[in-house]
Amino acid sequence: MTRNHDLAPETLAAQALGFVDPENKALVPPVHHATTFERPPGGISGPGFSYSRNDNPSYTQVESLLQRLEGGVDALVMASGMSAVTAPFLALAPGDHVVVQNVMYWGVRRWLKTFATRWGLEVQFVDAHDLDELRAAMRPGKTKLVWVETPANPLWGIVDLAAASEIAHAAGARLAVDSTVATPVLTRPLEHGADLVMHSATKFLNGHSDVLAGALVTAAKDDYWERIEQVRRDLGTVMGPQEAWLLLRGMRTLHIRVRKACENAQAIAEAMDRHPKVSHVLYPGLPDHPGHEVAKRQMVGGYSGILSIRVAGGMEASLAAMRRMTVFHSATSLGGTESLAEHRASTEGPGTPVPDDLIRLAVGIEHTQDLIDDLTQALDG
Ligand SMILES: Cc1ncc(COP(=O)(O)O)c(C=O)c1O
């Protein structure tokens, strides 16, 4: 008999960890809408579920799968990617120093520059691709957390996770990785020494652009993880049971979706690289991308389903190309089945490090040639 712990990740995901309802043998779990659970006789709360701001069987099912896929010891699902980003910072104390990548998902950068700074964290932004710069930023004893995203929005820089975790640990800090774009299909950051993995599960994990969700997975159940749990419990940033159920359903097809999106993105990157109206293609799957060698080491089976192109002719030419797209939808987000295009500089606003000729392409699972043809006609005008 094959034991559950011998099974490959795609088998675990496809079968939601082999779920079979113990009472009625259903192969799909129910949604546990209950917010309160009966206590043991005597009324004193004990182990088990008590109240859904703390826990709920619909969260634990999807958490168990995430924990297995990432190779961690525990996981928490949250109301959104942003609640999963902010909890590890809110679990620190005012005065703590944190080192953070400077080009990454802009919503995180904005929150760190405003709320986190007002709350008293000392936030230092660095180019985390430059390991010397990262090392120089560390303040042993004072730096508590290093936060990186890889591949990082929207220029798709690659951070060397093994090196970054060594640098963080040498200074007594933890490494947290926003792995939304890589997913556990392509990279398992804990295997490279990271302490925490974060996902906007709104993206590839759920994969159908119909759930807002976040997740954290930890390498250790320690005081810090307890404080993160407390943030979720006390701020109430829990995921609803219906969303948890949808997320578990979406994750059953995670592996085939991510593989197809990678295949499409690689083919698009190569086609765009040959297109005369494209001045740059930013995709770690191309051999001339500055992060390609590191990506080859730490990403297995592909380089994710998202890339950016820079259009010769500047902002006007890039907006004109976007207006001509018919298969790519003009919308934000990534990781869904449908392909999206976005002019990131105008989304991010003043102060963005993103060039104004850049279009971010979040590639879906459609037929490859339909996507290439759409981009080609849009660029050809
Ligand atoms: C890399 C990354 N991290 C975090 C987030 C925030 O996630 P959410 O929108 O689910 O709150 C996003 C959202 O776009 C993202 O792309």
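A polar contact is a pair of N or O atoms within 3.5 Å; within protein, one must be able to donate a hydrogen and the other to accept it, and residues adjacent in sequence count only if both atoms are side-chain atoms. D178 supplies one such atom: a polar side-chain atom of D178 lies 2.7 Å from a nitrogen atom of the ligand.

The model is predicted; local features need pLDDT of at least 70, side-chain atom pairs count only at pLDDT 80 or more, and totals for chains, interfaces and linings use all residues. Residues are numbered from 1 along each chain as its sequence is written, and side-chain values use heavy atoms, with hydrogens and water left out.

**The ligand**

The ligand has 14 residues around it. A residue counts as near if one of its heavy atoms lies within 4 Å of the molecule. M82, D178, S200, T202 and K203 come nearest.

| Residue | Protein atom | Ligand atom | Distance |
|---|---|---|---|
| G81 | backbone N or O | oxygen | 2.9 Å |
| D178 | polar side-chain atom | nitrogen | 2.7 Å |
| T202 | side-chain N or O | oxygen | 2.6 Å |

On its own, the ligand has 390 Å² of accessible area, and the protein covers 92% of that. Accessible areas come from the Shrake-Rupley method with a 1.4 Å probe; for residues, only the protein chains shown count as cover.

**Helix pairs**

Helices (H or I, at least four residues) and strands (E, at least two) are DSSP runs, numbered from the N terminus. Axes are lines fitted to C-alpha atoms, for helices over the stretch in contact; angles run from 0 to 180 degrees between N-to-C directions.

Helix 2 (residues 57-70) packs on helix 9 (residues 241-251) at about 35 degrees, with axes 8 Å apart. Contact means heavy atoms within 4.5 Å. Helix 2 brings residues including Y59, L65 and L69, and helix 9 brings residues including P241 and M251. The contact has 10 nonpolar, two polar and no charged residues. Ala, Val, Leu, Ile, Met, Phe, Trp, Tyr, Cys and Pro count as nonpolar, Asp, Glu, Lys and Arg as charged, and the others, Gly among them, as polar.

Helix 10 (residues 254-274) and helix 14 (residues 368-380) cross at roughly 35 degrees, their axes coming within 10 Å. K260 and N264 of helix 10 are among the residues in contact, as are T368 and L379 of helix 14. By class, this contact has eight nonpolar, three polar and one charged residues.

**Backbone exceptions**

Most residues other than glycine have a negative phi, and most peptide bonds are trans. The T150 to P151 bond is cis, with omega near -15 degrees. N153 and P154 are also joined by a cis bond, with omega about -25 degrees. P151 lies in the loop between strand 4 (143-149) and helix 6 (161-170), and P154 is in the loop between strand 4 and helix 6. K25 is not a glycine, yet has a positive phi of about 70 degrees.
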